[in-house]
Amino acid sequence: MSLVVSGATVVATPRGRAALAGELQRAVELLPGAVVRCEGTAIVFVGDRHEHDRRFQKPDEVLDAAGGTVIPGFVDPHTHLPFAGTREDEFDRRLAGETYSQIAASGSGIVATVQATRKASFDELLGLTLERLDRQLLNGTTTTEAKSGYGLELETELKQLRVLREAARRHPVEIVPTAMPAHEVPPEWRHDPDGYVELVVGQIHPAIAAQKLAGGVDVFCERGVFSPHQTRRLLADARRYGWRIHLHADELFDLGGAKLAADLGAASASHLLHTNDEGIQALARRGVVGVVLPGVSFFLRERYAPVRLLIHAEVPVALATDCNPGSSHTESMPAIIALACLGAGFTTEEALVAATLNAAAALGRADRIGTLEPGKQADLVVLNAPSPKHLAYHFGVNLVRHVVKAGKLVVRDGALVQR
Ligand code: NIG
Ligand code: FE
């Protein structure tokens, strides 16, 4: 099966198979009038239309970009997708002035979602997750990371990860599952957080590994959640299973989380709102991808991560939604790109690289996805706009017209293609 995308004003893509940092973070190649040819699941040609017509036969299918922009499919490298229940009551409390930490300390917050997720049946949780995947796809995301962490006990952590495995079978969006039993100290272990850490190490990690339900692990290293010492214990254990390491670092306070992520050889460190200079230098030295989540800053009305300092220090920076019901309730990468530019200080080019190639690198997949180049998987988005700058510039509307995932048209004219 061959598919050619033609008629674009421009094809815009970063290049390469590794994250881009510093000056290169803004290296987006613009190919006016170019075509993209997919064969099977892969891209085989990106370039001049006449050259294409000389070298290749007529394709089975042509997709008309109609003067739009073709970009790589978005990669969302940090989400908490499989959750039940929502927290709009808490949202109102925050609008009235309470902080995220005050709400968490009052027994609401993450724990409220844990209760709802424990209660939900497998099928309910699967249905909710599939709906979120639909919204991601309609907004141009073709690969998403997704974490457990609203179970905080064996059974529900496994249920969340099995839901992700089933959702991956049913849905075109590619899912990269991450185990996060250390997302919060569960209420029943509040008197003994170290006891819970030992339960994760002794019972939950081994069960997840035995069933091959995750390829990575994440820990919320934060004051009042898991200390740097506990985080080290959890992640050193995770290494035994060959999992990729991720960290929620320096979100609310500076606990040296970024430095810890670098010391542990993490693939990515997320949030980084309060990261200090030493942490930034350590991330750069080890090539850890800094995942910036401007949706959280916006939603919690907090400061933004020090993006200019990160990029200047040559930390490769990615963007993600952090899709979750408490601190960033959105599936939309275009919304995140707009906030990244208007709030966090990204240029439009830096944001596009952050949402594609660098996001793929945060998940260890930059060799397969994140750019439009021969040999990469054919994951692409056609925007109803003449330039990729419109992603931030024309904010608050969905510019995604078509989406191709692994060579197949999965969104046409802004609607899901029936599966
Ligand atoms: O990434 N920081 C911890 N976890 C999420 C929030 C989860 C929630 O509030 O439900 C985050 O911000
Ligand atoms: Fe998160």
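Let me begin with a definition: a residue counts as buried under 20% relative accessible area, as exposed over 50%, and as partly exposed in between, using a 1.4 Å probe and protein chains only.

The structure is a predicted model, in which local features need pLDDT of at least 70 and side-chain atom pairs count only at pLDDT 80 or more, while totals for chains, interfaces and linings use all residues. Residues are numbered from 1 along each chain as its sequence is written, and side-chain values use heavy atoms, with hydrogens and water left out.

My topic is salt bridges, defined as a side-chain nitrogen of Lys or Arg within 4 Å of a carboxyl oxygen of Asp or Glu. By this rule there are 24 salt bridges.

Consider Glu188 and Arg118, whose closest N and O atoms are 2.8 Å apart. This pair links distant parts of the chain, 70 residues apart: Glu188 lies in the loop between β10 and α7, and Arg118 in helix α4. Helices (H or I, at least four residues) and strands (E, at least two) are DSSP runs, numbered from the N terminus. Glu188 is partly exposed at 38%, and Arg118 is partly exposed at 26%.

Next, Arg135 pairs with Glu331, with closest N and O atoms 3.0 Å apart. Arg135 is in helix α5 and Glu331 in the loop between β15 and α13, 196 residues apart. Here Arg135 is partly exposed at 36%, whereas Glu331 is buried at 9%.

Finally, Arg368 and Glu174 form a salt bridge at 2.5 Å between the closest N and O atoms. Glu174 is buried at 15%; Arg368 is partly exposed at 30%. Both belong to a salt-bridge network that also links Arg365, Asp379 and Lys405.

How values were computed
Chains lettered and ligands numbered in written order.
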